[in-house]
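Here is a short report on one protein model.

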Amino acid sequence: IHNFGVSFGLFSGTISSPYLIIIGLIVVFFIIYLLVNAQDKLEQWGLFVIICGAIGNIIDRFINGYVIDFIYLHINQYYWPAFNFADIYISIGIIMILLNIIKKLNKNKE
């Protein structure tokens with residue numbers, strides 16, 4: 001599936017590919033800044049995995065003008081939006097950061 005938008009095809013056809021590449025690069029540089037200033041390993045790994053996924057999608061968009069989503073799951077008539085491995089990396093990185101936040105909140109309660 002050719003994804004001309006952002007996650008799950010949102011804003012498809014409303015924002016041109018060069019602008020999405022620029023926005024993606026700005027986000028990656030901001031996350032690199034967060035990575036450099038991260039305090040613990042789980043946070044660092046989460047940010048690193050997000051950066052890897054974002055760069056994968058940026059490269060895909062630069063080469064093709066869109067992101068190729070090739071994992072398409074459904075059960076009967078219920079469909080999950082198509083995605084790719086870069087989206088999985090971004091999601092895993094976000095989960096890692098959320099787990100780190102929960103860990104810190106639990107540590108502060110003690």
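## Largest pocket

Helix α3 gives the largest share of the lining of the largest pocket, six residues. Helices here are DSSP runs (H or I, at least four residues), numbered from the N terminus. The model is predicted: local features need pLDDT of at least 70, side-chain atom pairs count only at pLDDT 80 or more, and totals for chains, interfaces and linings use all residues. Residues are numbered from 1 along each chain as its sequence is written, and side-chain values use heavy atoms, without hydrogens and water.

The largest pocket has a volume of about 590 Å³. Of its 25 lining residues, Val6, Ser7, Asn57, Asp87 and Ile90 are the closest to its centre. The elements giving two or more residues to the lining are α1 (17-36), α2 (41-64) and α3 (85-109). A pocket is an open set of points on a 1 Å grid over the protein atoms alone, where a 1.4 Å probe fits, with protein on both sides within 12 Å along at least five of seven lines; lining residues have an atom within 4 Å of a point.

By residue class, the lining divides into 16 nonpolar, six polar and three charged.

## Helix packing

α1 and α2 pack at an angle of about 160 degrees, with axes 10 Å apart. That makes α1 roughly antiparallel to α2 (angles over 145 degrees). Angles run from 0 to 180 degrees between N-to-C directions.

## Ile32

Ile32 is found in α1. Ile32 is partly exposed, at 32% relative accessible area, since partly exposed lies between buried (under 20%) and exposed (over 50%), with a 1.4 Å probe and protein chains only. Ile32 and Ser17 are 15 residues apart in sequence and 22 Å apart in space, C-alpha to C-alpha.

Technical notes. Points joined across faces, edges and corners; volume = space filled by probe spheres on them. Nonpolar A, V, L, I, M, F, W, Y, C, P; charged D, E, K, R; others polar. Parallel < 35°, antiparallel > 145°, perpendicular 65-115°, else oblique.
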